[in-house]
Amino acid sequence: MDISSFIAGATGAFGIKILDILYQEMIRKKNNHQSAKQFVDAHLDPFLKSADEVEGKLHSLIKNNFQSINGIPFKDRNQNNDYISLFYLLAKFWANIEILRVEGLAVAISEDKRGQQLQSFLECLHLKEMRLVDRITQRAVGEILIKEVNGKLGVIPFIEFYELIENKNEILNKWTEEISIVLHKSSHKHNTQRLILYSIVINAMLQTLDPDNTIVKNRPTHTKRLSDKSNKVLEGKVLMYYLKFIRDTENYSKKGMTRRQLNAFYKKNKKQGK
């Protein structure tokens, strides 16, 4: 065999190997995308319904300046319907986040566009300027409410949750103390602003992942109630860095700024070192 034939043969074999590698990678990505899509399809509806319940309750309470839960004695807080329902709905929402985390460990949900967006929203809700409690507390509260039914993970109903509270379950009391104080002191400016921010980001998540409102309701946001400091977090950090894919930013900006206006404003501020 002359050298030219040898090179041609080796090159051909190498080319076939490269094509095989590329083909296998293409199949892997396709399978990952399909498994991510199947996972999101199966989990998105119940998750969004849980988030919608939280946002609906927060929307109502923010609208009335949390009047129905302000001023109640701390020892009587669990007897207040608005307080205990918001308490449960937040815990239920955190439980659904944990179910997503546990059942999605083997799935790269970012392979699906909705999964990627969902991850971005959850990252926002975990920001220190945004979260209602620290991450380990949120995770613990969520885990407490999870129960297995017929081989599937679900969330305990309200009555079981209330029984745990009334029976002074030590584990539940330990991990819900922080959120209990936040809700009881919802009239304090710091807590009020956190709850409003939380509501706005959940609203944005619902409208992004269910734009036709087939699962969730379309409610106006309470952006006008944001302080300048909170609005800076929402516009300058959340919308500019974490949720760049949101186009209708005017629905979430205190000043009603469009995406183009928002980008121009913060680009100018960055140049000026503000």
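Let's start on the inside: the largest nonpolar core in this structure has 68 residues, and those with the most contacts inside it are F93, F161 and Y198. Keep in mind that you're looking at a predicted model. Helix α2, which runs over residues 81-103, gives this core its largest share, 13 residues. Why would such side chains gather like this? In soluble globular proteins, nonpolar side chains tend to be buried together.

Now zoom in on one of those core residues. Which residues does F161 touch, if you skip the ones up to four places away in sequence? The list is I84, F87, Y88, A91, L145, I156 and L172.

Time to step back and look at the whole chain. You can find 9 helices and 2 strands in it. Walk along the sequence and the pattern goes α-α-α-α-β-β-α-α-α-α-α. The protein chain has 274 residues, and 43% of them count as buried.

Next, see how some of the helices sit against each other. Find helix α3 (residues 113-125) and helix α7 (residues 189-209): their axes come within 10 Å and cross at roughly 180°. An angle over 145 degrees counts as roughly antiparallel, so α3 is roughly antiparallel to α7. On the α3 side, the contact is made by R114, Q117, L118, F121, C124 and L125. On the α7 side, you'll find Y198, V201, I202, A204, M205, T208 and L209.

Finally, move on to helix α8 (residues 228-242) and helix α9 (residues 259-271), which pack at an angle of about 100° with their axes 11 Å apart. Angles from 65 to 115 degrees count as roughly perpendicular, so that is how α8 lies relative to α9. Here α8 brings K232, E235, G236, L239 and M240 to the contact, while α9 brings R259, L262, N263 and Y266. What types of residues are these? They divide into 4 nonpolar, 2 polar and 3 charged.

Note on methods:
Residues are numbered from 1 along each chain as its sequence is written. This is a predicted model: local features need pLDDT of at least 70, side-chain atom pairs count only at pLDDT 80 or more; totals for chains, interfaces and linings use all residues. Side-chain values use heavy atoms; hydrogens and water are left out. Axes are lines fitted to C-alpha atoms, for helices over the stretch in contact, and angles run from 0 to 180 degrees between N-to-C directions. Helices (H or I, at least four residues) and strands (E, at least two) are DSSP runs, numbered from the N terminus. Angles under 35 degrees count as roughly parallel, over 145 as roughly antiparallel, 65 to 115 as roughly perpendicular and the rest as oblique. Contact means heavy atoms within 4.5 Å. Ala, Val, Leu, Ile, Met, Phe, Trp, Tyr, Cys and Pro count as nonpolar, Asp, Glu, Lys and Arg as charged, and the others, Gly among them, as polar. Buried means under 20% relative accessible area, exposed over 50%, partly exposed in between (1.4 Å probe, protein chains only). A nonpolar core is a set of buried Ala, Val, Leu, Ile, Met, Phe, Trp, Tyr and Cys residues joined through side-chain atoms within 4.5 Å.
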